[in-house]
Amino acid sequence: MTAQSLTDLSRCCVHTITTKPWSFRESVQSFARAGIPGITVWSDDLHDLAPKEAKSIIADHGLQVVSYCRGGFFPHLDTARRNVAIDDNRRLLDEASAIGSPFLVLVCGTAAGQSLTVSREQIRDGIETILPHAESCGVKLVIEPLHPMYSDARSAINTLKQANDMAEGFASPWVGVAIDAYHLWWDSDLQNEIQRCGKNGNLAAFHVSDWKTPTEDMLLDRGLMGEGCIDIREIRSWVESAGYDGFIEVEIFSKKYWEMDQPQFLDQIVKAYLDHV
Ligand code: ZN
């Protein structure tokens with residue numbers, strides 16, 4: 001059964017990377033003006049702004065912080081760099097807490113030069129090490145599986161099954177999973193793994209954009225919803241059948257759209273969200 005179209009923006013969230021040319025403040029103001037109630041904050045977009053100050057800007061505009069991005073990048077060939085990653089993640093957890101985010105999204109990392117199995121062990125160890133800090137911050141660590149095309153440089157967690165296995169291994173309320181349609185749409189096990197994710201209480205976030213044909217840049221050519229080949233509404237129906245009724249986050253990394261007039265782009269996002277999510 002396919003989900004009905006969304007009739008309003010009450011569950012809409014936009015990731016600040018989507019409107020990268022805007023300053024953090026411009027994104028907040030523009031999302032609020034457009035009636036978008038949720039915002040996910042990329043730490044790089046804060047520049048010199050303290051997370052506490054960012055929190056009050058968001059609150060002043062009546063927005064809600066959905067997630068803080070991004071921790072992770074645990075695997076490295078040498079111990080020293082793995083320890084630096086742990087320190088970075090502790091700092092990011094502090095920032096997530098200060099900005100009022102319930103989640104820190106993890107792009108888990110990988111290291112060319114060692115096997116993906118070893119990288120996955122280092123990811124597990126990294127999460128285990130920072131878990132007590134996540135709990136004391138009151139911030140959940142959210143494992144986001146990335147498309148296998150990123151298994152060389154960004155993440156050794158490439159399927160929802162791998163993310164579910166890892167989250168279930170922790171069995172902690174401070175570890176969850178993000179489902180990003182762009183990374184997972186191709187997987188024949190997706191529906192079952194979404195069910196499993198929800199049933200075990202791990203489904204923390206749902207991200208949308210579209211897969212363009214041809215994709216001209218592996219990182220920076222995501223499409224607006226409806227522009228590509230992903231049946232987003234079908235995936236949303238699976239996510240909702242698994243019990244998820246939280247924010248639906250628009251996350252579009254795109255050189256093409258960053259070159260566009262951003263107010264016009266935001267209008268297109270709103271239309272695409274209502275027409276295709
Ligand atoms: Zn995502």
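User: Which residues are the protein donors of the zinc ion?

Analyst: This is a predicted model. In it, the donors of the zinc ion are E144 (OE), D180 (OD), H207 (ND1) and E251 (OE). They lie 2.1 to 2.2 Å from the ion.

User: How are the donor residues of the zinc ion spaced in sequence?

Analyst: The pattern reads E-x35-D-x26-H-x43-E. Take E144 and H207 as a pair. E144 is in the loop between strand 5 (140-143) and helix 5 (160-170), and H207 is in strand 7 (residues 203-208), so the two tie together parts that are 63 residues apart in sequence.

User: Why is the arrangement around the zinc ion irregular?

Analyst: Look at the angles. Four donors count as tetrahedral if all angles lie between 85 and 135 degrees. Here the 4 donor atoms subtend angles of 78 to 153 degrees, which makes the arrangement irregular.

User: Is E144 buried or exposed? And what about H207: buried or exposed?

Analyst: The cut-off for buried is under 20% relative accessible area. E144 has 3%, so this residue is buried. H207 has 1%, so this one is buried as well.

User: Now the rings. What describes a pair of aromatic rings?

Analyst: Two values: the distance of the centres and the angle of the planes. In this model the count comes to 4 aromatic pairs. One of them is W42 with F253, which is edge-to-face. Their centres are 6.0 Å apart, with 80 degrees between the planes.

User: Where in the chain do W42 and F253 lie?

Analyst: In distant parts, 211 residues apart. W42 belongs to strand 2 (residues 38-42). F253 is in the loop between strand 8 (248-250) and helix 9 (255-258). Both W42 and F253 are buried.

User: What kind of aromatic pair do W185 and W211 form?

Analyst: A tilted one: 5.8 Å centre to centre, 50 degrees between the planes. This pair also links distant parts of the chain, 26 residues apart. W185 sits in the loop between helix 6 (181-184) and helix 7 (190-199). W211 sits in the loop between strand 7 and helix 8 (232-241). At 29% relative accessibility, W185 counts as partly exposed. W211 has 14% relative accessible area, so W211 is buried.

User: Which residues form one aromatic cluster with W185?

Analyst: Y182 and W211. Together with W185 they make up one cluster.

User: Which ring does the charged end of K20 sit over?

Analyst: The ring of W258. The charged end of K20 is 4.9 Å from the centre of that ring.

Note on methods
Residues numbered from 1 in each chain as written. Predicted model: local features only at pLDDT ≥ 70, side-chain atom pairs only at ≥ 80, totals over all residues. Heavy atoms only, no water. Donors = N, O, S within 2.8 Å, 3.2 Å for Na, K, Ca; no water. Tetrahedral: all angles 85-135°; square planar, octahedral: opposite > 155°, others 65-115°. Helix = DSSP H or I, 4+ residues; strand = E, 2+ residues; numbered from the N terminus. Buried < 20%, exposed > 50% of the residue type's maximum accessible area, 1.4 Å probe, protein only. Phe/Tyr/Trp six-rings, centres within 6.5 Å; stacked < 30°, edge-to-face > 60°. Lys NZ or Arg CZ within 6 Å of the ring centre and 35° of its normal.
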